[in-house]
Amino acid sequence: IVCRSGSSTLSEIAAVGRAAVFVPFPFHTDRQQEKNARIFTDRGAGRLLLQTESKGLDLARIVRELVMNPAEIERMEAAARQLHRTDAAGAIVKALQG
């Protein structure tokens, strides 16, 4: 998956366990999407490509590398699945209650 890195997108990627190349929206003042993406990339669940520092050829290179290395995709997908919390809603309710 090639995508931005908003919180909803990241939760969906974790839920389905897919490898991703994150291209954070570069114009948020707090760089929140980059911070979100780094949570995944620091754990091996994706690759980060900063739009303001990259070109289309950089994206093509990353995609080519991944296509040529299915074991890396599988490793990234396993890492993404580890970030999924099936009990997230319950944990939030519990935290709010007390």
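This is a predicted model: local features need pLDDT of at least 70, side-chain atom pairs count only at pLDDT 80 or more; totals for chains, interfaces and linings use all residues.
1. Aromatic pairs. Two aromatic pairs are found in a search of the whole structure. One of them joins F22 and F40 in an edge-to-face arrangement, with 5.6 Å from centre to centre and 75° between the planes. This pair links distant parts of the chain, since F22 belongs to strand β2 (residues 21-22) and F40 to helix α2 (residues 32-41), 18 residues apart. F22 and F40 are both buried.

2. The pair of F25 and F27. The ring centres of F25 and F27 lie 5.5 Å apart and their planes stand at 80°; the pair is therefore edge-to-face, as planes over 60 degrees apart are counted in that class. F25 has a relative accessible area of 32% and so is partly exposed. F27, by contrast, counts as exposed because its relative accessibility is 62%, where the cut-off for that term is over 50%.

3. The setting of S5. S5 is placed in the loop between β1 (2-3) and α1 (7-16). Is S5 buried or exposed? Its relative accessible area is 0%, so S5 is buried. The side chain of S5 reaches the backbone oxygen of Q33 at a distance of 2.7 Å. Leaving aside residues up to four places away in sequence, S5 touches L10, F22, P24, Q33, E34, N36 and A37. F22, one of these contacts of S5, is also a member of the edge-to-face pair with F40.

4. The largest nonpolar core. Which residues make up the largest nonpolar core? This core has 11 residues in all: C3, L10, I13, A14, A20, F22, A37, F40, A45, A79 and A80. At least two of its residues come from each of α1, α2 and α4 (70-82). The helix that gives the most to this core is α1, with three residues. In soluble globular proteins, nonpolar side chains tend to be buried together.

5. A45 and a separate core. A45 belongs to the largest core. Not counting residues up to four places away in sequence, A45 touches R18, A20, F22, F40, M76, A79, A80 and L83. Another core, of seven residues, lies apart from the largest one and includes A19, V23, I62 and M76.

Notes: Residues are numbered from 1 along each chain as its sequence is written. Side-chain values use heavy atoms; hydrogens and water are left out. Rings of Phe, Tyr and Trp (its six-membered ring) pair if their centres lie within 6.5 Å; planes under 30 degrees apart count as stacked, over 60 as edge-to-face and the rest as tilted. Helices (H or I, at least four residues) and strands (E, at least two) are DSSP runs, numbered from the N terminus. Buried means under 20% relative accessible area, exposed over 50%, partly exposed in between (1.4 Å probe, protein chains only). A polar contact is a pair of N or O atoms within 3.5 Å; within protein, one must be able to donate a hydrogen and the other to accept it, and residues adjacent in sequence count only if both atoms are side-chain atoms. Contact means heavy atoms within 4.5 Å. A nonpolar core is a set of buried Ala, Val, Leu, Ile, Met, Phe, Trp, Tyr and Cys residues joined through side-chain atoms within 4.5 Å.
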